[in-house]
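Subject: Structure for you to look at

Hello,

Here is the structure I said I would pass on. Please open it alongside this message; my notes follow below.

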Amino acid sequence: MNHGWEHVRDVRRELLERNTELDALERALSRLRGTAGGPVAAQRGGLLSFAGSAGMGKTALLAEVRARAAAHGCTVLSARGNEQEHGMAFHVVRQLVQPVLAGYDEATCRTVLGSWYDIVAPALGLVADAGGSSPDPTGVRDGLDWLVTRLAVQQAPTVLVMDDAQWADQESLSWLTAFAPRAEDLPMLVVVAYRPDELPRSAAAFRKPAERHASRPYVLTPLTCDAVGDEAEEKFCTECWAVTDGNPFEAVELAAGLRERGLKGCRDDLPALRELGSAVKGKGLVERLDRLGGAAVRLAWAVAVLGTSATPEVTAGVAALGSESGVDVVAQLREARILAPDEGPDGILQFAHPLIATAVHRAIPTALRVGMHNVAAEAVVEAGLGPTVAARHLLEVPCEGDDWVVQRLRQAAQEYVRAGAPDAARRFLTRALREPPSPEDRAAVLFELGAATFLAAPEVTVNYLREALAEPDVEPELREAITYRLAQALAHTDQVAEAAAVAAEEARRTSLPATRLRMQAENFVWSAFRADEPDSAARSRRLARLADHLTGDGPAERYILGLRAWDCVVHGEPAATALRYAEDALVGGLSWTEDNRGFEVPVAVAMTFMYCDQPGRAEELFTRGMAECERKGWRGAHLAFGHALLGYIRYRRGALVEAEALVREGLRIAERVGGAVPAQWYAIGILIEILLARGRIEEAQEIADHFGYGEVVPNAVVYPDSRTVYSELLLARGLHRHAEHHLKAVGRRLDARGMRNPAWCPWQLLLARATALTDSPHAIELAEEGVRRARRFGTATAIGEALHCAANVIGGGRALKLLAEAVRELEHSPAGYALAEALVDHGAALRRAGLPQDAAERLYRGLEGAVHCGADALAERARDELSAAGLRPLQLHSTGTDALTSQERVAAERLALGWDTGRIAEELATPETVVTRLLSSVCRKMGTDYAGLPRLLETADPATVPDGPPRR
């Protein structure tokens with residue numbers, strides 16, 4: 001070859017005009033290794049992305065990334081999207097982690113993954129327990145987060161490389177999209193390359209981390225003329241650049257072709273150059289393949305069809321070649337630069353470049369391609385590669401009513417459901433339905449399709465399941481499962497009345513006693529949570545009669561007993577009755593994650609204990625239920641409900657800071673799941689109540705505005721009742737007339753249903769407050785009726801809160817007696833915030849009545865309670881009342897107190913009262929060493945030492961300080 005042509009660059013060996021990208025890579029690797037800021041700098045990861053159209057050199061650049069990362073001593077996890085396999089769930093994730101796990105046997109994998117094994121094993125292609133639970137997509141993503149985070153830390157520094165992200169499967173890309181920002185806090189560099197013009201619409205979220213300001217992608221541009229040719233004749237170099245448009249892939253292919261022909265790079269070689277130029281493009285690549293002969297063409301087609309299952313043996317079979325012939329043809333294709341020079345992981349044949357793979361696959365005649373996919377499906381099954389690999393090929397073959405095809409598609413869908421990929425399962429089952437299945441299997445396929453669609457589109461689930469029920473001669477067990485799922489889907493689409501009706505109809509239709517009892521239970525569930533139930537009293541009577549004859553033998557009976565307990569609560573029957581039924585329901589256990597049963601009743605039973613002044617028992621049940629969900633990988637809506645309602649329990653106990661954190665986490669999970677899931681209604685209402693209790697009215701209004709809370713009334717019963725919470729917000733803003741309008745509507749709705757427990761929904765007490773200034777007699781009547789209803793229910797919290805409201809509405813001398821009684825009741829309740837509020841109001845009333853000593857005792861205790869609860873506005877009001885009484889409030893002078901946490905403030909104010917650390921520890925229910933650390937933190941924030949801390953605290957007159965902590 002002429003010396004001049006030796007300088008026509010080969011970009012496979014040398015990356016030309018990519019200095020900017022390579023410099024960015026080196027900087028990122030230096031940060032990752034902790035050498036960017038000196039020898040002791042912390043390891044910092046991040047995201048590096050490269051974008052460019054086909055052939056722009058992304059693959060070559062990522063090969064350089066892998067090489068340099070390895071040279072820097074990094075662990076490299078690598079994967080590539082595949083145009084033909086983007087429908088195979090977790091295909092890319094498996095490429096990333098399977099090489100790391102391949103060296104482990106099953107026992108070691110179980111040790112490494114711990115409690116996450118059963119959740120993520122099917123997604124990773126590991127051996128999974130037969131008949132194991134099916135995690136939700138959120139649970140699987142959390143498990144993958146945990147695994148990759150562990151790999152990043154244990155094998156640090158780590159570089160995760162993904163090529164052709166535009167072809168990554170939806171599940172892998174969704175996971176990476178959410179995980180990539182976390183790399184900044186890990187010793188992990190994530191490097192992705194993609195074609196921006198080919199990203200599917202479903203990958204819109206991927207653009208956010210890939211294209212955000214701090215990590216905008218490096219856009220790969222065509223090579224200049226100087227890069228394509230150097231010391232050949234200028235006219236020849238210019239023509240090379242013109243022929244390839246500066247496309248690096250085409251430049252590489254052109255350079256190789258010129259070398260093979262021994263061309264010298266002079267003007268006389270231009271005709272041959274133009275001929276070679278056309279051969280490096282799509283059609284030219286195909287023509288080049290054709291010239292290699294029929295055997296080579298068939299084998300290349302087989303590789304294109306099989307994708308990552310193209311082992312030499314399977315490929316030769318699909319290409320109708322013998323093993324020896326296959327070896328020779330593979331060598332021929334490698335020499336022609338059609339196939340890569342080396343086999344990939346697991347001995348897979350690979351094309352030399354994705355553009356070649358695309359060109360070859362598209363060149364296969366349609367009818368022949370369909371036939372090859374059909375042969376491939378059978379071949380991969382025989383090779384033991386699993387039903388999901390076969391099903392990918394079956395999506396490409398025509399529908400012929402083949403039961404073998406239906407069964408393979410159903411098996412693949414079952415695997416994907418088990419792997420937490422319901423969307424992939426839905427694709428296969430939709431295809432199975434079109435096959436079509438045999439008449440005896442049609443109802444089962446419709447049911448499986450409806451169940452797979454439930455999380456993403458419950459409204460579509462309804463259609464499939466109605467169609468399944470319409471099929472003739474459905475097996476009784478299957479029919480029961482279909483009916484349950486249909487009722488659940490209707491309820492989740494805010495069609496609660498229809499859900500109850502479906503269960504009632506099946507209870508009437510069936511001749512099986514067990515099914516009838518199950519459907520009666522489902523009917524009671526959805527009737528109880530139906531906001532517009534026409535005859536609630538009749539349903540309650542039927543429920544009571546049925547429950548009185550049940551022993552709790554079996555889940556259906558326990559569900560009915562649990563529903564009877566909840567019915568007692570909302571109707572205000574004595575709490576003792578509700579607790580008896582709740583305990584009976586729990587004797588045999590109530591699972592949150594039982595297959596084909598909802599968790600609404602177990603949650604309602606736990607909430608029964610909360611409303612009946614046993615929040616500790618309620619928390620115990622919630623903790624157990626949430627742990628059960630997490631073990632099973634149900635980390636979506638179930639966990640959102642769990643966090644929100646556990647926060648509600650903490651709110652009712654007065655732990656407002658903890659409550660707010662829990663509810664915000666529940667809301668975050670609900671938003672992560674997507675859509676207006678019912679958990680959002682619960683979380684938003686509870687969060688608004690917490691914010692109001694903490695005095696953050698404007699923030700509560702912002703939450704309501706953001707979610708449109710109060711504008712729409714759901715058809716399902718939620719707690720706390722959404723319209724009542726919205727009215728409480730209106731009252732806090734001083735909009736009494738608006739609140740009155742909403743509360744009257746709530747009263748009409750709930751009274752008509754006999755739901756009259758102020759502990760569950762205090763609409764009557766709030767309406768009394770709303771009308772106190774405009775219609776005092778009616779307000780007093782409402783408040784007194786609220787007290788009567790609370791006394792009937794019989795809990796200290798219900799009675800104390802009702803008495804407190806009545807005192808505020810009635811006023812005068814009678815109010816002092818009512819407030820004193822309210823305090824006495826609440827002292828025997830677990831409601832810490834309600835007690836603090838009553839104490840402050842009682843103290844204020846005593847001050848106005850000219851009883852400063854009695855007022856001081858109440859106000860100091862109320863202030864302590866408010867600080868302990870995190871009720872900042874209430875604490876400030878208590879201080880104002882103390883100042884008005886001429887008493888010295890417990891006030892921290894230093895400006896550093898603004899940064900104190902709730903617990904630090906409690907510890908500091910207890911110290912101001914003269915308490916020692918032992919007593920403070922007892923009050924906070926925390927070790928004394930923790931109290932010491934809290935006080936040390938206070939000192940640090942206030943700029944003093946421990947000895948000087950008391951001088952910065954303004955304390956009350958010791959004579960007016962109560963002796964010991966307030967009674968609870």
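This is a predicted model: local features need pLDDT of at least 70, side-chain atom pairs count only at pLDDT 80 or more; totals for chains, interfaces and linings use all residues.

Overall picture

The protein has 968 residues, of which 58% count as buried. Its secondary structure consists of 47 helices and seven strands. Among contacts with a separation of 6 or more, 67% are between residues 24 or more positions apart.

The mean pLDDT of the protein is 86, and 87% of the residues reach 70 or more. Residues 1-13 have a pLDDT below 50, and this stretch has 38 contacts in the model beyond near neighbours in sequence. Residues 954-968 also have a pLDDT under 50. For residues 954-968 the model has 39 contacts beyond four places in sequence. Please read both stretches with their pLDDT in mind.

Backbone details

Most residues other than glycine have a negative phi, and most peptide bonds are trans.

Arg337 is not a glycine, yet has a positive phi of about 65 degrees. You will find Arg337 in the loop between α16 (323-335) and α17 (354-363).

Asp473 is another residue that is not a glycine and has a positive phi, here of about 55 degrees. Asp473 sits in the loop between α23 (458-469) and α24 (476-492). Is Asp473 buried or exposed? Asp473 is exposed, because its relative accessible area is 77% and the cut-off for exposed is over 50%. In sequence, Asp473 and Pro439 are 34 residues apart, while in space they are 9.8 Å apart, C-alpha to C-alpha.

There are also cis peptide bonds to look at. One joins Ala156 and Pro157, with omega of about -10 degrees. Pro157 belongs to the loop between α6 (137-154) and β3 (158-163). A cis peptide bond also joins Tyr719 and Pro720, where omega is about 0 degrees. Pro720 lies in the loop between α35 (697-707) and α36 (722-732).

A buried histidine

His643 is part of helix α32 (residues 637-653). His643 counts as buried because its relative accessibility is 13%, which is under the 20% cut-off. Which residues is His643 in contact with, leaving aside neighbours within four places in sequence? They are Met626, Leu662, Val663, Glu665, Gly666 and Ile669.

Two packed helices are described by the angle between their axes and the distance between the axes. Helix α42 gives two examples to compare.

With α43: helix α42 (residues 832-848) packs against helix α43 (residues 852-869) at an angle of about 150 degrees, and their axes are 7 Å apart. That angle makes α42 roughly antiparallel to α43, since the cut-off for roughly antiparallel is over 145 degrees. The crossing of these helices, α42 and α43, is left-handed. On the α42 side, the residues in contact are Gly832, Tyr833, Ala836, Leu839, Val840, His842, Gly843, Ala844, Leu846 and Arg847. They meet Asp854, Ala855, Arg858, Leu859, Arg861, Gly862, Leu863, Gly865, Ala866 and Cys869 of α43. Sorted by class, the contact of α42 with α43 has eleven nonpolar, five polar and four charged residues.

With α40: helix α40 (residues 796-810) and α42 pack at an angle of about 30 degrees, with axes 10 Å apart. Why are α40 and α42 described as roughly parallel to each other? The angle is about 30 degrees, and angles under 35 degrees count as roughly parallel, so α40 and α42 fall in that class. The crossing of α40 and α42 is left-handed. From α40, the contact uses Glu801, His804 and Asn808, and from α42 it uses Ala834, Glu837, Ala838 and Asp841. The contact of α40 with α42 has two nonpolar, two polar and three charged residues.

That is the end of my notes.

Regards

Notes:
Residues are numbered from 1 along each chain as its sequence is written. Side-chain values use heavy atoms; hydrogens and water are left out. Axes are lines fitted to C-alpha atoms, for helices over the stretch in contact, and angles run from 0 to 180 degrees between N-to-C directions. Helices (H or I, at least four residues) and strands (E, at least two) are DSSP runs, numbered from the N terminus. Angles under 35 degrees count as roughly parallel, over 145 as roughly antiparallel, 65 to 115 as roughly perpendicular and the rest as oblique. A crossing is left-handed if the near helix is turned anticlockwise from the far one by less than a right angle, and right-handed if clockwise. Contact means heavy atoms within 4.5 Å. Ala, Val, Leu, Ile, Met, Phe, Trp, Tyr, Cys and Pro count as nonpolar, Asp, Glu, Lys and Arg as charged, and the others, Gly among them, as polar. pLDDT is the predictor's confidence in each residue, from 0 to 100. Buried means under 20% relative accessible area, exposed over 50%, partly exposed in between (1.4 Å probe, protein chains only).
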